[in-house]
Amino acid sequence: MVKETSAGSPMKKKRKTASAEAGPELDIYQKVCEHEEKEAKSCDLAADSALFVEVIKDVQDHLSQVRDLKNQNDAPPKLEALTSHLMDMVVKICIMKKLNRMDKLSQVVERETLNVEKQKCDSIKLTYQNLVYELYHLVNETNKCLAFKSDDENIQLVSLEEFMKNAPETVTSKFTDFNPNDQEQAHALRLARLEWELTQRKNLAEECKLLEEKKKKVVAEITQRKQKLSDLFPLLNSVIKATKPLQEHLGISGDVTRKEHALAALLPDPLYILYANIVAYKSVFATTIEVTISGNKDDAIQFNEALEVATSSGLNEDSEPETELPEVEEVIEVKKRRHRKSVQQVDPLEEKKKKLLEVHPLKVELMLKVEDGPKLNVSFSYYLKLKLVTVSAKVDVPSNITANTAREILSGHNILSELLENDSGLESPNPGTGYVLRKMGLSSLQSLVPDIGYAYGWAQAVCGINFLAPRKYCEKFSQQNVETVLKIIKKRLANRTHLARQMQQLEQNTLPAIPDTIDAPISRVSTISKWCSTTYQNFCQAQFTQSLIDEDIVTSSDLFYSVKISRGEASLQTFVVIKNTYPTLPPIFALNLNYKGVHNSSNSDEIRDIERVLNVNWGNYGVKSSAWLLSAQLTHLCSYLDVYLESLDSKVFPPNAKFIRGISGRNRRRPYTFRKIGTGIFFTQY
């Protein structure tokens, strides 16, 4: 607070001149200040503000009156009036200064009061934060207490019913009226069950010791008997050697049979069932089928022993946690003959993939052949982790078959694919294989087919694997399928041989001959100018084949070929789709004619009629045979092209085919129906 006094105040002079009287003056000043502070605390700010405005207004009024008195020209201003106005203004100014001091003092008081309240608020907030922290600490401690788990909770105890039934009455009598909500009683029950479990486990440990001693005695007896049997083996060998001259004299060779039987005993269950059934089938029907077991005997013995050890110890490699694999160090020799170590990190995913594709060392190989035809070699392998039998086939093609399309049709997979409906071997018949492959980061079995072979459904059937049956291996199930599958394979091999011989001539631009018993056009002008194989992608890219794709008549597992038939300026581009079940289902033709524009089934009824006769109405021509079916269809196609061109423009294409009317009916049909009447051959519309 600043003390306000005038510059010429006598009090100021007294403080400067008389230092002896400073004490009483300071006391008076201090009292005045205290009095004003008390007055400022109790004053009404609104009333002081109104008074301040009123005083200012009075001062303005006095100033205006003084100005009026000084501006009077007729008479000089009265000194008394001016003095009175000045005295009143001085008083008003003093009041204004006091009000100003009161306002400042009240501001100081309010500020001090505000600081006090702030300190109280800070103190309360700090207390609140301390309480919140203490509450948080207590909640954490409470949660730790509630989440506490003792080691006894990990012990697997017998059920409460079994405890109450088998434990002594002295222990269970306390819990006849057990209340689960009573914590003390529940704790006592837990202790009693733990004591009973300890007693039972001690008894079982003593019983286990007795059984271990008994087991040692049995193992000693078994070892003694094995020793006797091992001593017997050299005696048997000497007996067999002594009987060899007698076997040679009688024409009996038992060595090969014994070796095969010894290998057969080492086969996995599915391959053993397959081998036994094929041998039985061969002995009954006396066919030319040959079955052998390939593989190293020692490797098979070691493999089976390792498998037995893993099974007996309960190891499961798939469930083991992933651990850091050791680094493989290789020593590399450089020019200065110094050695340095290069560290190679083993990929754990590749290691798991190798274990997944673990195959049994022994395989069953089957050989079928057609008279004067190719020889089919089929190899069956068993993958333990996948629980699948895979098949790989190889065909020994005779030297007289040199055409590319003929050799392609005789490839191993083409012969064995879809022996049964929708069985291409690219998908696993085992539902669990998909989960195993996804775990290894593989999308499907198809990516593994080049390495492991095809997993045909019929291969699982002949090996006795039925994924829908309650048992894994079923010998009866395999016996029902071996004969059927072998007959289907032999028939498929014969059909493909006939088809390959036809393609051998087609690739030389020659139509194969048709038996005389089959009614077919004899004379034709259109000829085959090109025969080659194509792909499913090329078939899909052609615009005139979309209807066959949309109706799912053609699939990617079919065989696709392209043939070009020409006559003069006309050129017929044709896709030939051969089903794996040929000749049960005849080949499918898709036509595209280039003559004065492009004509196909999408824009020409005539081409659509030719396709219908070839693809739909072929069953009306009698029995289908694999030896001539494709040739007969191509022969008819050449004749139908002659009929179409000759009926379309007889001047450019001289008539060769015999038909009565080139166009008939409202739909203007052309004569695409071949009829043999007596010795004449005619084409009619119906």
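1. Helix 17 (475–506) gives the largest share of the lining of the largest cavity, four residues. Helices here are DSSP runs of H or I with at least four residues, strands are E runs of at least two, and both are numbered from the N terminus. Helix 9 (269–285) and helix 16 (457–462) also supply at least two residues each. The lining consists of L274, I278, L366, F380, W458, V462, V482, V485, L486 and I489. By class that makes 10 nonpolar, no polar and no charged residues. (Ala, Val, Leu, Ile, Met, Phe, Trp, Tyr, Cys and Pro count as nonpolar, Asp, Glu, Lys and Arg as charged, and the others, Gly among them, as polar.) The space inside is about 50 Å³.

2. A word on what you are looking at: this is a predicted model, in which local features need pLDDT of at least 70 and side-chain atom pairs count only at pLDDT 80 or more, while totals for chains, interfaces and linings use all residues. Residues are numbered from 1 along each chain as its sequence is written, and side-chain values use heavy atoms, with hydrogens and water left out.

3. For the overall picture, the protein has 21 helices and 13 strands. Of its 686 residues, 32% count as buried, where buried means under 20% relative accessible area, exposed over 50% and partly exposed in between (1.4 Å probe, protein chains only). Among contacts with a separation of 6 or more, 61% are between residues 24 or more positions apart; a contact means heavy atoms within 4.5 Å.

4. How many cavities of 30 Å³ or more does a search of the whole structure find? There are two. The search uses a 1 Å grid over the protein atoms alone: a cavity is a set of points where a 1.4 Å probe fits but cannot get out, a pocket is an open set with protein on both sides within 12 Å along at least five of seven lines, and lining residues have an atom within 4 Å of a point. Grid points are joined across faces, edges and corners, and a volume is the space filled by probe spheres set on the points.

5. The second largest cavity holds about 40 Å³ of space. Around it you will find L572, L591, L593, I607, I610, L637, L641 and Y644, which divide into eight nonpolar, no polar and no charged residues. Strand 10, helix 20 (605–615) and helix 21 each bring at least two residues to this lining, and helix 21 has the largest share, with three.

6. Strand 9 (residues 570–578) runs antiparallel to strand 10 and is joined to it by seven bridges; two strands pair if DSSP finds at least two bridges between them. F575 has A590 in strand 10 as its bridge partner. On to strand 11 (residues 598–600): three bridges join it to strand 10, again antiparallel, and N594 has V598 in strand 11 as its partner. The hairpin of strand 10 and strand 11 has three residues between the strands, and K596 there takes a positive phi near 55 degrees.

7. S601 sits in the loop between strand 11 and helix 20. Is S601 buried or exposed? At 13% relative accessibility, S601 counts as buried. Leaving aside neighbours within four places in sequence, S601 is in contact with F544, L591, I607, R608 and E611.

8. The largest pocket has about 630 Å³ of space. Its lining has 29 residues, and H413, S424, L426, S556 and S557 lie nearest the centre. Strand 8 (559–567), helix 13 (412–416) and helix 18 (536–541) each supply at least two lining residues; strand 8 gives the largest share, three. By class, the lining has nine nonpolar, 15 polar and five charged residues.

9. Lastly, helix 3 (residues 45–70) has 26 residues and reaches 38 Å from its first C-alpha to its last, close to the 38 Å expected at 1.5 Å a residue. Which residues of helix 3 are buried? They are V55, V59, H62, V66 and L69, and their cover includes helix 4 (79–146).

Technical notes. Expected span 1.5 Å × (residues − 1).
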